[in-house]
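Student: Could you take a close look at one part of this structure, the surroundings of the ligand, and then carry the account on to the rest of the chain?

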Amino acid sequence: KVVAVIMVGGPTKGTRFRPLSLNVPKPLFPLAGQPMVHHPISACKRIPNLVQIYLIGFYEEREFALYVSSISNELRVPVRYLREDKPHGSAGGIYNFKDRIMEDSPSHIFLLNCDVCCSFPLPDMLVAHKKYGGIGTILVSKVSAESASQFGELVADHITNELLHYTEKPETFVSDLINCGVYIFTPDIFAAIRDVSAQRKDRANLRRVSSFDFESLQSGTKTIPSDFVRLDQDILSPLAGKRQLYTYETLEFWEQIKTPGMSLKCSGLYLSQFRCTSPHLLADGDGLNSPTIVGDVYIHPSAKVHPTAKIGPNVSISANAHVGAGARLISCIILDDVDIRENAVVIHSIVGWKSSIGKWSRVQGEGDYNAKLGITILGEAVDVEDEIVVINSIVLPNKTLNISVQEEIIL
Ligand code: GDD
């Protein structure tokens, strides 16, 4: 039996995702019309003998209740949300629910970060992992040397794929091979986490006895609680080079989703993946009353788009949105209940829930997904009046724009 665990984090982790995380937990923000966490969950469905999917986080239970029950019915695999009372770190989080995870006596446990976007080649990882025979296999990918330092950098043996060296977000370049945040472990991982936690406890006791805290004096930091264990620094680094961890390289797309700009890029990656995996979700533009569709586009069945509008590529339109005659939408995410009036243009932008964009208005970003103002973001219930131009700006919820703005953050 196999169990999958998806780490969803909690509200404090979503600050870079503002203003979009003000309305919805980041893991539920829609990419290609589906909640972010839906993509790894549906990938889990392809794992042979999967019996259970757990989401672990420190968001309120009720925030996930609806999604978890509807997806369990849809996939016919039980999906449960397990709430931590406080952050325990990426490894401490699963250790906290060890008994629950081991209830079905799984032989293997998949562990996935919710904020990565890739093709999740999980069945292939399982095959590779069984062949290697270690306690864990990490999905890895090559990235540009300039961007590698944002991730865990690692060195692997070219022939055996053993993880030889691991360092988390190093200051000096180590390798362009990075940790994708997708793992498979045997239950032995729990013993490894327990050992780290026990060592911490011992050290803390020692300090109490020796009256002054030498370690925190040296590092100038507060000591980490013994039940807070990070998978990368505390587990992967020390186990590297001990024939316990192996790597599986993906040559397909991989991105991390920390900012709204990256969510727009990843929405496009998932839309293009739908061409192979779920073509029925893509708008085809064939119907009598359908708009002109360019490239990969998702339109929720309840959205109303005028037949003279032109939509795509990389556009996703959520529930009850309305797009008027002659509107032009390119590379954007339109959230629930948005109203885009006649001849408005939206390019490289995210338009928040219940917002409206007036006639002949233009909401646009330059399309640099990594720049702070590289896309335009309208928070919830922003009202852009007729004939207004909004370029490379972020507008917080409940604002009315009656003058044009460029490169501004409107608080
Ligand atoms: N439940 C829970 N509790 N989840 C957590 C906690 C926690 O205390 N801390 C982090 N997470 C979740 C986050 O929501 C995210 O999905 C994942 O665990 C990793 O988050 P971080 O520990 O903040 O690390 P990161 O995202 O900056 O980097 C990690 O992922 C990269 C790939 O995206 C590292 O493992 C990097 O090495 C890796 O390259």
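Tutor: The ligand is surrounded by 26 residues, and the closest are Gly9, Pro87, Phe151, Gly152 and Gly181. The model is a predicted one, in which local features need pLDDT of at least 70 and side-chain atom pairs count only at pLDDT 80 or more, while totals for chains, interfaces and linings use all residues. Residues are numbered from 1 along each chain as its sequence is written.

By composition, the shell around the ligand holds ten nonpolar, eleven polar and five charged residues (Ala, Val, Leu, Ile, Met, Phe, Trp, Tyr, Cys and Pro are nonpolar; Asp, Glu, Lys and Arg charged; the others, Gly among them, polar). At least two shell residues come from each of β1 (2-9), β4 (50-57), α3 (89-96) and β11 (177-185), with β11 giving the most, four residues. These elements are DSSP runs numbered from the N terminus: helices are H or I of at least four residues, strands E of at least two.

The protein chain as a whole has nine helices and 31 strands. Its C-alpha atoms fill a box of roughly 70 × 50 × 40 Å along the principal axes. Of the 411 residues, 45% are buried, that is, with 20 or more other C-beta atoms within 10 Å of their own.

An unreviewed UniProt entry annotates residues 293-410 as "domain: Mannose-1-phosphate guanyltransferase C-terminal"; such annotations may be inferred rather than shown by experiment. This span is 0% helix and 42% strand, and its end C-alpha atoms lie 32 Å apart.

Strand β20 (residues 328-334) is largely enclosed by the rest of the structure, because five of its seven residues are buried. Strands count as paired if DSSP finds at least two bridges between them. Strand β17 (residues 310-311) runs parallel to β20 and is joined to it by two bridges, with Lys310 opposite Arg328. Strand β18 (residues 315-317) is likewise parallel to β20, through three bridges; there Ile317 has Ile334 as its bridge partner. Six bridges link β20 to strand β22 (residues 345-351) in the parallel sense, and Cys332 stands opposite Ser349 of β22.

How values were computed. A residue is near a molecule or strand if its C-beta atom, placed from the backbone, lies within 6 Å of it. A residue is buried if 20 or more other C-beta atoms lie within 10 Å of its own, exposed if 12 or fewer, and partly exposed in between; C-beta atoms are placed from the backbone.
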